[in-house]
Amino acid sequence: MTEVWGSAGPDDTAYAPGTPCWVSLMVHGMAATQEFYGELFGWEFQPGPHQLGSYLRAQLDGQEVAGIGQLPPDLHLPIAWTPYFASDDVDETAASVRQCGGTVGVGPLDVAEAGRLAIASDPSGAVFGVWQAARHLGTAITGVPGTPNWNELITRDSSGVVKFYETVFGFEQEPVISADFDYITLHIKGRPVAGIHGVGNALPRDRGPHWMTYFEVADVDAAVAHVADLGGHTLKQPRNTPHGRIATVADPEGAVFSIVRTSRHSD
């Protein structure tokens, strides 16, 4: 992980194409999920577009930060946070995904006046979304506790998929030069926006390659304790890194995410 990707710019300014602009979670138990994240991050919830079925937009101080939707009972999909990358033309991006060996599973489709979306997977199977903004620009506030601040692809080998993301989204890459740490930071217009972390055989066999969302918190250790109190569990205990204190946890339905107090917020 590198420095947080931060906000797109001033209010009412669209995210630059390729920038992570939204995160969304599809679950079976909407009420329990609202309670968990509401208690953990201080989120409140408002109904989202009816085209997405039972879908809620999480808000922090009245600003939209993430989405939570209802999985149909007959769909047994992994419960996972999914990042959405901004696009000026989701149809063109979806075509590029296919041309580069990925798969488009949903869409492209219009979401009322909010925008247009697609949900796709890269050649390794990691799922992500694409968002073409209209009225809904994406996450409205970042860089404060309770907001997403980084997205990272966890995969076996970063070199195996980086060309896909470079071609589809126009990323520039900055590899970490290290014999024992496989990491590439993805940039848009010289600014870090996401990462690819190759973990080799440490990749969870039951999950495969996947995107990990990091959420800012005020106190990682306190948040980890709160996760346990709320019915979640810890996968990686709090640890200090050059970028801040980090832990990896899962909510009661098994959605995995990381929490971080970035170094810029450290005392």
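Tutor: Between two axes, an angle under 35 degrees counts as roughly parallel, over 145 as roughly antiparallel, 65 to 115 as roughly perpendicular, and the rest as oblique. This is a predicted model, in which local features need pLDDT of at least 70 and side-chain atom pairs count only at pLDDT 80 or more, while totals for chains, interfaces and linings use all residues. Residues are numbered from 1 along each chain as its sequence is written, and side-chain values use heavy atoms, leaving out hydrogens and water.

Student: At what angle do α1 and helix α4 pack, and how far apart are their axes?

Tutor: Two packed helices are described by the angle between their axes and the distance between the axes. Each axis is a line fitted to C-alpha atoms, over the stretch in contact for helices, and angles run from 0 to 180 degrees between N-to-C directions. Here α1 packs against helix α4 (residues 220-229) at about 155°, with the axes 10 Å apart, and α1 and α4 are therefore roughly antiparallel to each other. Helices (H or I, at least four residues) and strands (E, at least two) are DSSP runs numbered from the N terminus.

Student: Which residues of α1 and α4 meet?

Tutor: On the α1 side they are Phe36, Glu39 and Leu40, and these meet Ala223, His226 and Val227 in α4, where contact means heavy atoms within 4.5 Å.

Student: How do α2 and helix α3 pack?

Tutor: The angle between α2 and helix α3 (residues 162-169) is about 155°, and their axes are 9 Å apart, which makes α2 roughly antiparallel to α3. Thr93, Ser96 and Val97 of α2 make the contact with Phe164, Thr167, Val168 and Phe169 of α3.

Student: Is Ser96 buried or exposed?

Tutor: Buried means under 20% relative accessible area, exposed over 50%, and partly exposed in between, with a 1.4 Å probe and protein chains only. Ser96, which sits in helix α2 (residues 90-99), has 13% relative accessibility and therefore counts as buried. Leaving aside residues up to four places away in sequence, Ser96 touches Thr167 and Val168.

Student: How many aromatic pairs does a search of the whole structure find?

Tutor: A pair of aromatic rings is described by the distance of the centres and the angle of the planes. Rings of Phe, Tyr and Trp (its six-membered ring) pair if their centres lie within 6.5 Å, with planes under 30 degrees apart counted as stacked, over 60 as edge-to-face and the rest as tilted. The search of the whole structure finds 26 such pairs. In one of them, the rings of Phe36 and Phe257 have centres 6.5 Å apart and planes at 75°, so this pair is edge-to-face. Because Phe36 lies in helix α1 (residues 30-41) and Phe257 in strand β16 (residues 256-262), the pair ties together parts that are 221 residues apart in sequence. Phe36 and Phe257 are both buried. The rings of Tyr37 and Trp81, with centres 5.4 Å apart and planes at 90°, are likewise edge-to-face, and they link distant parts of the chain, Tyr37 being in helix α1 and Trp81 in strand β5 (residues 81-86), 44 residues apart. Tyr37 and Trp81 are buried, and one aromatic cluster includes Phe36, Tyr37, Trp81 and Phe257.

Student: Where is Asp61, and what is its phi?

Tutor: Asp61 is in the loop between β3 (55-60) and β4 (63-70), and its phi is near 55°, a positive value in a residue other than glycine. Asp61 has a relative accessible area of 73% and so is exposed. Lys189, in the loop between β11 (182-188) and β12 (191-198), also has a positive phi, of about 55°, although it is not a glycine.
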